[in-house]
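Please look through the sequence and the structure shown below before reading on.

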Amino acid sequence: VLKERLVEALGSDAVKTAPEDLAVYAFDAYTDGRLPTAVVLPASTREVSAVVKVARECGEPIIARGAGTGLCGGAVPVVGGVVISFARMNRILSLDARNYRAHVQPGLINLDLSTHVASDGLFYAPDPASQKISTIGGNIATNAGGPHCLSYGTTVNHVLALEVVDDRGEVFTTSCDDPGYDLTAALVGSEGTLGIVTSAWVRLMRLPEAVRVWVAAFGDIDSASAAVSAIIAAGIVPTALEMMDAVITRAVEAAFHAGYPTDAAAVLLIENAGFEDDMAACEGAIAAIVKEHGALSWRAARTAEERAALWAGRKGAAGATGRIAPNYYTQDLCVPRSKLPQALRAVEEAANEHHITVGNVFHAGDGNLHPLLMYDKRRRDQVGAVVETGNAILRSAIALGGTISGEHGVGWEKREAMTHVYSTADLATMARVRDVFDPQRALNPEKIFPSGARCPEVTPP
Amino acid sequence: MRTAAERTTPENVEALSEIVARCDREGRKILIVGGNTLAGMGFPPEQLDVTLLTSGLASIVAYERSDLTIAAQAGATIQMVGALLAANGQFVPFDAPRPQYATLGGTLAAGWLGPRRHVYGRPRDYVLGSTIVLADGTIARAGGMVVKNVAGYDMSRLYVGSFGTLGVLAQVNLKTLARYPRARVFLAPLPERTRTRACHQLGALAIAPAAAFWIEGFHNAVDGEAGPEGRVVILLEGSEALLERATRDLRSALGRAGVPETRIVDAGARESFERVVDSYVASLGERSVTYRLYGTPDESERRVIALQELAQRFLLRAESIVDLMNGDIVLRVSDLDTHALGAKIEAFDDALHEAEPQAQVVAGDHPHRVYLRVWGAPPASIERMQALKARFDPNGTLNPGRFVGGI
């Protein structure tokens, strides 16, 4: 019945129920998956609305899906249900270059937006490493970050208004300029549990007139992380401040020849964008700090090509680790920036204890760590060790005053860990918002909130 | 508005929780008061039994200077926090009017948006975490002291702009920025037929000013001489080197627009800028009502001209501030006395909202204010907002009736 009604609403080419088709949508970039009941590819807000109504009448939950690059199982249909793919809603609906804004569909690929508006001297600032494939809708769901959100802010800072389909299939709109509650801010980062975004007005920024990229190399990880903390403590917030350890730079160089030194224990990739007039002073100030912290070398990228190569290496770093181990598991934690050295030491200790190779490639300026734990998923002992290491790293982040996710989200993976950072009252307060937008828990169920048994207060009234 | 029978000033979050929970149980309604600087926003409370002052919760909880973060209680004044940060070369760009009185909690709860947000972002984007007391006394924390955090819903951003109707903010954790070394203000009167070109030139500068205003009226409140088409006040912020270039660019841009005289203020530039921000909500007591409208920079000049003409039709004096970078409009209409204003203000309010449905009242003590469309037309998602209110404060204990749509 579900299939027939979906076909009736969308046409047969937009509805998939064959097992081989469903299998593709069982997983995102997390390690575990579940089969959906059906997958639909709507082409309009009206069709999304129709899908939600049909699914609800058939008692099926709804899971919105972008490109499936999420690392926490946020797009996995944990209890089955109808997966809505936004692959056919991927257009820029309008561009208002004069007022720095664009109206886009959720399936639009992040990088496509910046590419499209570059001729108007504009760009879209949030730049997760997945930006070549991840979608604006998925980015909105997770409040995605990226290297440049150090100075530009995460996705929520760049979303002005939303069109949303609710849990009953009704369409509503929010705008951050409306009087009343800032529903736009509440929806961004809600991982598809409060509504399904069907279009978004996003803020664009002017392309900077000057960009500099520098690479600093260090003999040990401690010095590099201390240098990062010192740069921030000096009040210098460059556009991006990234760190990679030797495990990563060697893999990156082997894969891309991006231009990183491979004999250093850690490198910093630093970008500053802005005005030509400020560049010399900025370089002088940062270079002085990294030298004070014992940098082995300091180098400026001389050309746009060199800059692009360094960034391509950085953004391709996770993929490059395929040379080290068949699989990797990315952890995502955020600590106060002065605690970076301690946090990295804790990562190393946890990995050593469980005999796991770890590579660090992360947004150092934000205190947002991404340890990549290398393993072979065919080896059960390694899988167990990776999980243990990941948990130990999260516990250390919490002990340092940090949090369990800086930019990837909670999803399916980390929902039980929510109880480590929030009290029952804190979580129950979040659940009040869910009660209003999704009282039946029909939108992306079994995500963010700990499973009911552990936390009885966090269930619907 | 009835005078409150009881005033209470809790000095810790537990006491705050107890008071709020007790009122909620007993059906007594609470008006939350910070620095009273934005008291001109919103409707008067429907019922008022207890005035809850946040001034007892005014300490700095933790200042992590080298992390660029600070946690402070909600009743701390913007100036107090600002002074501490400034002594350490940092700031948070709240741009709140009358910062010596304005509190963190009040400024954030009112969703205040200042003129520098096109450069620095909105105040909400500086809130990393919060502690709030809900109507039933629940003490709920959200976020933390880290600059990126997607663990669960962003409750803190939801509380910003909620006008104290979802809970009482007790503490906020903020991200800070390093303060720019230099600030400079340009003041220039606008001669005949220069306004349009001046606005256009200012909007097209390669180095966007931190703030740029076209102002009509507000003669003694704002620095600089007014010309036949008002005046512009421009704030530049940045390094010494950048300021020099921005100054050259700005001079030639104004020159191209036919604006010859400019006065530069270096010492006291920030104060000069703050006087403009103070004027956003400066009222002439019961003789004036101030509206605020949001929009886009390219529309603001046309809109404000139409608003001035409308005010003239009602024989009201109109003064305006246009934020050329964000497109905001501040319109203060006034008359000789409270009776003269009272005779026209409701009809003017009707006509204004016909043209500009979203116009909000932000200042003015006229007794007829209660009859105005203080929040403008209800937003598209008002029913969901009402449902949120019902879920957070089912008895309507906190700031009842003050917010949009009777919330």
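At the start of helix α9 of chain A, a side-chain oxygen of A:Asp245 comes to within 3.2 Å of the backbone nitrogen of A:Val247. This description, like everything below, refers to a predicted model and not to an experimental one. Just after the helix, A:His257 takes a positive phi of about 50 degrees.

- Helix α9 covers residues 246-256 of chain A, and its buried residues are A:Ala246, A:Ile248, A:Thr249, A:Ala251, A:Val252 and A:Glu253.
- The cover over these buried residues includes the strands β13 (240-245), β14 (266-274), β18 and β20 (371-375) of chain A, and the helices α11 (304-315) and α12 (317-320) of chain A are also among the elements that cover them.

**A:Ala364, a residue in a loop**

- A:Ala364 is placed in the loop between β18 (357-362) and β19 (368-369) of chain A.
- Is A:Ala364 buried or exposed? With a relative accessibility of 0%, A:Ala364 counts as buried, because the limit for that word is anything under 20%.
- Leaving aside residues up to four places away in sequence, A:Ala364 touches A:Val228, A:Leu241, A:Glu242, A:Met243 and A:Leu340.
- The C-alpha atoms of A:Ala364 and A:Cys334 are 9.4 Å apart in space, while the two residues are 30 residues apart in sequence.

**Residues of chain A with a positive phi**

- Most residues other than glycine have a negative phi, and this is the background for the next two points.
- A:Tyr100, which is not a glycine, has a positive phi near 55 degrees, and A:Tyr100 is found in the loop between β5 (92-96) and β6 (101-104) of chain A.
- The relative accessible area of A:Tyr100 is 28%, so A:Tyr100 is described as partly exposed.
- A:His355 also has a positive phi, of about 55 degrees, although it is not a glycine, and A:His355 lies in the loop between α13 (340-353) and β18 of chain A.
- The relative accessibility of A:His355 is 73%, and therefore A:His355 counts as exposed, a word that applies over 50%.

**Two residues of chain B**

- B:Arg157 has its place in helix α5 of chain B, which consists of residues 155-159, and with a relative accessible area of 8% B:Arg157 is buried.
- Which side chain makes a polar contact with the side chain of B:Arg157? That partner is the side chain of B:Asp125, at 3.0 Å.
- If residues up to four places away in sequence are not counted, B:Arg157 touches A:Val156, A:Asn157, A:Asp182 and A:Ala185 of chain A, together with B:Arg124 and B:Asp125 of chain B.
- B:Gln47 is found in the loop between β2 (30-33) and β3 (50-53) of chain B, and B:Gln47 is partly exposed, with a relative accessible area of 32%.
- The side chain of B:Gln47 makes a polar contact with the side chain of B:Asp49, at 2.9 Å.
- B:Gln47 and B:His366 are 319 residues apart along the chain, and their C-alpha atoms are separated by 19 Å.

**Chain A as a whole**

- Chain A contains 16 helices and 20 strands. Its radius of gyration of 22 Å is close to the 23 Å that the globule rule gives for 461 residues, so chain A is as compact as a globular protein of that length.
- The C-alpha trace of chain A spans about 65 × 55 × 40 Å along its principal axes, and 60% of the 461 residues count as buried.
- Of the contacts in chain A between residues at least 6 apart in sequence, 71% join residues at least 24 apart.
- The accessible surface of chain A comes to about 16300 Å², and 51% of this surface belongs to carbon and sulfur atoms.
- Chain A has 40 positive and 53 negative charges, whose mean positions are 2 Å apart.

**Chain B as a whole**

- Chain B contains 11 helices and 18 strands. Its radius of gyration of 22 Å is close to the 22 Å given by the globule rule for 407 residues, so chain B is as compact as a globular protein of that length.
- The C-alpha trace of chain B spans about 65 × 55 × 35 Å along its principal axes, and 62% of the 407 residues count as buried.
- Among the contacts in chain B with a separation of 6 or more, 73% are between residues 24 or more positions apart.
- The accessible surface of chain B comes to about 14700 Å², of which 48% belongs to carbon and sulfur atoms.

Technical notes: Residues are numbered from 1 along each chain as its sequence is written. Chains are lettered from A and ligands numbered from 1 in the order in which they are written. This is a predicted model: local features need pLDDT of at least 70, side-chain atom pairs count only at pLDDT 80 or more; totals for chains, interfaces and linings use all residues. Side-chain values use heavy atoms; hydrogens and water are left out. Helices (H or I, at least four residues) and strands (E, at least two) are DSSP runs, numbered from the N terminus. The radius of gyration is taken over C-alpha atoms; the globule rule is 2.2 Å times the number of residues to the power 0.38. Buried means under 20% relative accessible area, exposed over 50%, partly exposed in between (1.4 Å probe, protein chains only). Contact means heavy atoms within 4.5 Å. Accessible areas come from the Shrake-Rupley method with a 1.4 Å probe; for residues, only the protein chains shown count as cover. Lys and Arg count as positive and Asp and Glu as negative; His and the chain ends are not counted. The place of a charge is taken as NZ of Lys, CZ of Arg, CG of Asp or CD of Glu. A polar contact is a pair of N or O atoms within 3.5 Å; within protein, one must be able to donate a hydrogen and the other to accept it, and residues adjacent in sequence count only if both atoms are side-chain atoms.
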